[in-house]
Amino acid sequence: MTAHLLIGPVLRRVTGTRATIWVETTAPATVRVKAGSGAGGVATTFTAYGHHYALVVVEGLPENASTPYEVLLEDRPVWPAPESPYPPSVIRTTDHRETDVRLIFGSCREATPKATGRSLPPDALDAYSRRLMAAPDDPDRRPDLIVLLGDQVYADETSEKVRKFLRRRRRAGHPGPDDQVVSFDEYTKLYLESWRDPEIRWLLSTVPSVMIFDDHEIIDDWNTSESWRDDMAATPWWTERIAAGLASYWVYQHLGNLGPDELAADPLYQKVLNSDDATDLLHDFGRAVDDGGRGYQWSYALELGRTRLVMLDNRCNRVVTPGRREMLPATEWNWFLDQAHGDYDHLVVGSSLPWLMPPAIHHLEAWNERTADSPNPKVSARAEKLRRAFDLEHWAAFGRSFDAMGELFRRLGEGEGGPRVGAGPAYAAPASISVLSGDVHHSYVARVDFGTPVTTPVHQLTCSPVHNQVPAFMRPLMRFSWSRAAAKGTRGLARSAGVPQPAWTWRREAGPYFGNAVSTLRLAGRTATVCVEGTTKDGDLFEVAAVDLSHDGS
């Protein structure tokens, strides 16, 4: 069977003069990438669940250059298509120590204009792609990295096209809901629908990208609490869903987060490459990770010159035991501490869930966590019911982790950036600390006030959704949640349950904005700025807010 290019190419990591390019093909094949004169790479596809994938490591790229590339299957060119109206796909290598760093970020992207019966406003990432196509070599427009912060696909809120496919599957005897995916093969339809969008396909082929999941890659409110996990374990199709969801995320998203050296050191990837069929291997992997029988770290870190980006798993590895909830388990938190300490100018933390929420919602979630731990079973049961009904499961509902994150940033901002343990060099306070988040379907910028002489500005930068929407009736409530009156009322509620006042405050500097949006974080020397852009009815971008993140906050 002749292999064709089904999805991709997706340009993932560019590290020095090497890059990784991910593809899905219709049949087993040898995938070759040629870039300029002499640079390239080759890989044989691996097979899982009847699908075929390759991650090609491209080597020998010229330094500080944009190099067009092509993809070949069995030495037959398949990308770019001869009739393509789009600019050439390129791999750009950059010495980021000498240049600005531009990250674009956002979350929550429904694949089609109509999903679950709703008509959605224009897609912000589509709009960004079209603007870049108009001037692909403009250094003031081209980002260095796309940071996607969760809900890249929606397993539980599918389009009409996918639901038709699912209904046929259910009639044929495949178990599961008519409107939600369950199996790996069903998950592949989500990525096919999302990543073959022409503008998105071109954008992902020419700008490097990193990703992290949120709940909708698996199911809404994934790992909200211990009782949630117990209830889902009793659902007949859940075991297959979680195994397929984690396996498909590993194949489609996580593999590309790893640089060439990390790929070579990843034992699961090496086993997959050496397997004739990785179906059972990946299925067992997904089951074991969810059961806690096999640890796997989804969090990862990378550097762009003097900027360090650390992406955190806010979902899979949570500790949900009442009384000792943590957003990251101890081993992963210690890894994060190691990554946060070091010699860099800017620390950027990717967290699918905002660390800083509107103050009223923060206090409500903190109150809920405390009452859920009540020794009175009736009180704790009511609190658990509220937690699950109103999605009270952000950082504030994992209070130990919320406090630890703030204390870490305070110490770093005061210049305590040396090694955590033992002797070694001491590092200057970073120029900025930014937490990039999504999830909450509105965009805002908030700044922390530690009440002490912290040198480093610390900001929460939330951009959501890329392509979704908040019901109109909820918008006034969410705006109100930023008000002093709302914060005062819910703070009183939290105090009544014995929740101490947070050791720092935060204030909104931009937003809330409720339309589809994409944001750009620009880091230049010791300065940092963020620009939030929304979409017009015609699908163009316009500036919603621009904030200097380097000011002293006075």
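Leaving aside neighbours within four places in sequence, H283 is in contact with Y49, E240 and A243. The model is a predicted one. H283 itself lies in helix α9, which spans residues 279-291. Its relative accessible area is 19%, and since buried means under 20%, H283 counts as buried. With one of its contact partners, E240, the link is between side chains: the side chain of H283 makes a polar contact with that of E240 at 3.2 Å.

Elsewhere, two helices pack against each other. Helix α11 covers residues 359-372 and helix α15 covers residues 484-496; their axes are 8 Å apart and meet at an angle of about 10 degrees. Angles under 35 degrees count as roughly parallel, so α11 is roughly parallel to α15. The crossing of α11 past α15 is left-handed. On the α11 side the contact is formed by P359, A360, H363, L364 and W367, and on the α15 side by A486, A487, T490, R491, L493 and A494. Sorted by class, the residues in this contact are eight nonpolar, two polar and one charged.

The last stop is G511, placed in strand β21, residues 505-513. G511 has a relative accessible area of 34% and is therefore partly exposed. Apart from neighbours within four places in sequence, G511 is in contact with S443 and Y444. In sequence, 460 residues separate G511 from H51, and the C-alpha to C-alpha distance between G511 and H51 is 43 Å.

Terms used. Residues are numbered from 1 along each chain as its sequence is written. This is a predicted model: local features need pLDDT of at least 70, side-chain atom pairs count only at pLDDT 80 or more; totals for chains, interfaces and linings use all residues. Side-chain values use heavy atoms; hydrogens and water are left out. Axes are lines fitted to C-alpha atoms, for helices over the stretch in contact, and angles run from 0 to 180 degrees between N-to-C directions. Helices (H or I, at least four residues) and strands (E, at least two) are DSSP runs, numbered from the N terminus. Angles under 35 degrees count as roughly parallel, over 145 as roughly antiparallel, 65 to 115 as roughly perpendicular and the rest as oblique. A crossing is left-handed if the near helix is turned anticlockwise from the far one by less than a right angle, and right-handed if clockwise. Contact means heavy atoms within 4.5 Å. Ala, Val, Leu, Ile, Met, Phe, Trp, Tyr, Cys and Pro count as nonpolar, Asp, Glu, Lys and Arg as charged, and the others, Gly among them, as polar. Buried means under 20% relative accessible area, exposed over 50%, partly exposed in between (1.4 Å probe, protein chains only). A polar contact is a pair of N or O atoms within 3.5 Å; within protein, one must be able to donate a hydrogen and the other to accept it, and residues adjacent in sequence count only if both atoms are side-chain atoms.
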